[in-house]
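This report covers aromatic pairs and charges over rings. Start with the view below.

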Amino acid sequence: MTGVAAPTQVVLVVDFGAQYAQLIARRVRELNVYSEIVPPDISAAEVELRRPAAIILSGGPASVHVEGAPRLDPAIYGLGIPLLGICYGSQLIAQQLGGEVGRNARGEYGRTTLTWTDASTSLGVGVDSAPSSIVWMSHFDAVTVVPDGFRATASTANSPVAVLESDQRRIWGVQFHPEVVHTDGGTALLGRFLHELAGCEPTWNMESIIGSSVDAIVSQVGPGRAICGLSGGVDSAVAAALVHRAIGHRLTCVYVDTGLMRRGESEQVVDTFQRHQGIELIHVRAGDRFFDRLRGVVDPEEKRKAIGEVFIRVFEEASGGLTDADFLVQGTLYPDVIESGTNTAAKIKSHHNVGGLPDDLQFKLIEPLRNLFKDEVRKVGSELGLPDEIVWRQPFPGPGLGVRIIGEVTPEKVAVLQHADSIVRDEIEDAGLAREIWQAFAVLADIKSVGVMGDERTYAHPIIIRAVTSDDAMTADWARLPYELLERMSNRIINEVEGINRVAYDITSKPPGTIEWE
Ligand code: XMP
């Protein structure tokens, strides 16, 4: 147990490799039912052990006709657990239970008109009063013959069986994607399946998430003590606030101020946690040590390594005094757990973050966010009274401004960059774009160019503005910011930030670029 909420009812989403599985799981939770993603090779015995309230089969890129395409353990269909197949999942139901799936000459992609053809539908009840509606399709194969005991209740131009149903077997299938926003009544259909047909109670809400997390943490920690490293980001902040709600002053947070944070960030962390939340906080001002170590370091990888090493040393020294603490709080989220492919491994997040701690630290882990998606984490944070600035904070690299200063990092350069960066972020905020844009920040380049200000010739550094849109940071596109906004940023940076005489906008997507410059 790692201090996570354990709801009594779970819906299992079987992931057939579509990008939609996480979206389905999130939609189910938005309908106040707890969901978890499981791999397609889950056995009927494992399913029985988990006793899910319902099962949803996701879509997937494979064709059911291809050898080696993922299948469901056929015994699962006989367990009597309400089951909904989506797209590939629906075709699999048809194929595995004795119906037929045809290979279409043409696929159906995007908006399609769905017509309900059978008034006896139980899935379509209350979903849409009109006989037809717009649904979102993305498929090539299509069910042509339903298995015995099933009936077809809706069709589209290229899907004679767009919906198949068996009330008796409690199995339903839809060719379209009810989880995407473009499908009219998609949420209502999922709700109909979950709440009415499967009888799931809508009990997964903020109150129950916080309540059951707190109970789980209390029982895991017992009379023990815990420490938590705060990075300034939303995940560690919410994890700390939850654990504090559970064990109060037996939690101590450590905030390492690397001197490489954005303007005002350290003050805000201290203010929020110490003053408002009343959490015991060790605030280590370690900027000098980082700058000492970074003297003369220009290679990006070496820089990251140097920052990481100093961070670990400082954190260990700060937490070393807390000899009676036996738990370490980590802000691991559910998507990290899904990606690492296991639900059980208790591994300290080791990605390239300076917050990544070595695994020889002798702590047991508390990971209260292990079951939560980012949007749920934000809601929990707001509910626990964290300010919007923290709850909606954009991702920030562990090595901080160190990887946004090209070349050697010095306190003077950090001060220049902090100033320019605060202008970029303020202007984005004022333009109302902060939540649309994945990250927006300034980079200080290690070159100089000639300019003229007043009657004076200048020879100074440029600031590069980077603003990207993205869903997950794996790929990103440069944000099409309005010219007027870019102009305001440029004017303010040149006029207000000393030592800068030029502003450029980075119009590189990822790939081929990365979001950060180093
Ligand atoms: P790149 O530059 O690789 O960044 O496109 C992808 C995302 O990761 C963030 N990033 C980091 N996050 N520790 C972190 O926690 C790091 O060392 C680190 N480096 C990059 C980056 O801001 C972007 O969101």
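## Aromatic pairs

Searching the whole structure turns up six aromatic pairs. The model is predicted. A pair of aromatic rings is described by the distance of the centres and the angle of the planes.

## Y34 and W204

The ring centres of Y34 and W204 lie 4.7 Å apart. Their planes meet at 50 degrees, so this pair is tilted. An angle over 60 would be needed for edge-to-face, and one under 30 for stacked.

The pair links distant parts of the chain, 170 residues apart. Y34 sits in the loop between helix 1 (21-30) and strand 2 (35-38). W204 sits in the loop between helix 4 (186-197) and helix 5 (206-221).

Y34 has 3% relative accessibility and counts as buried. W204 is buried too, with a relative accessible area of 4%. The cut-off for buried is under 20%.

## W172 and F193

For W172 and F193, the ring centres are 6.0 Å apart. The planes stand at 70 degrees, so the pair is edge-to-face.

W172 belongs to strand 9 (residues 171-174) and F193 to helix 4, so the pair ties together parts 21 residues apart in sequence. Both W172 and F193 are buried.

## Charges over rings

Which residue lies over the face of W392? R435 does, at 4.0 Å from the ring centre.

W478 has a charge over its ring as well: the charged end of R480 sits 3.8 Å from the ring centre.

Conventions: Residues are numbered from 1 along each chain as its sequence is written. This is a predicted model: local features need pLDDT of at least 70, side-chain atom pairs count only at pLDDT 80 or more; totals for chains, interfaces and linings use all residues. Side-chain values use heavy atoms; hydrogens and water are left out. Rings of Phe, Tyr and Trp (its six-membered ring) pair if their centres lie within 6.5 Å; planes under 30 degrees apart count as stacked, over 60 as edge-to-face and the rest as tilted. Helices (H or I, at least four residues) and strands (E, at least two) are DSSP runs, numbered from the N terminus. Buried means under 20% relative accessible area, exposed over 50%, partly exposed in between (1.4 Å probe, protein chains only). A charge sits over a ring if NZ of Lys or CZ of Arg is within 6 Å of the ring centre and within 35 degrees of the ring normal.
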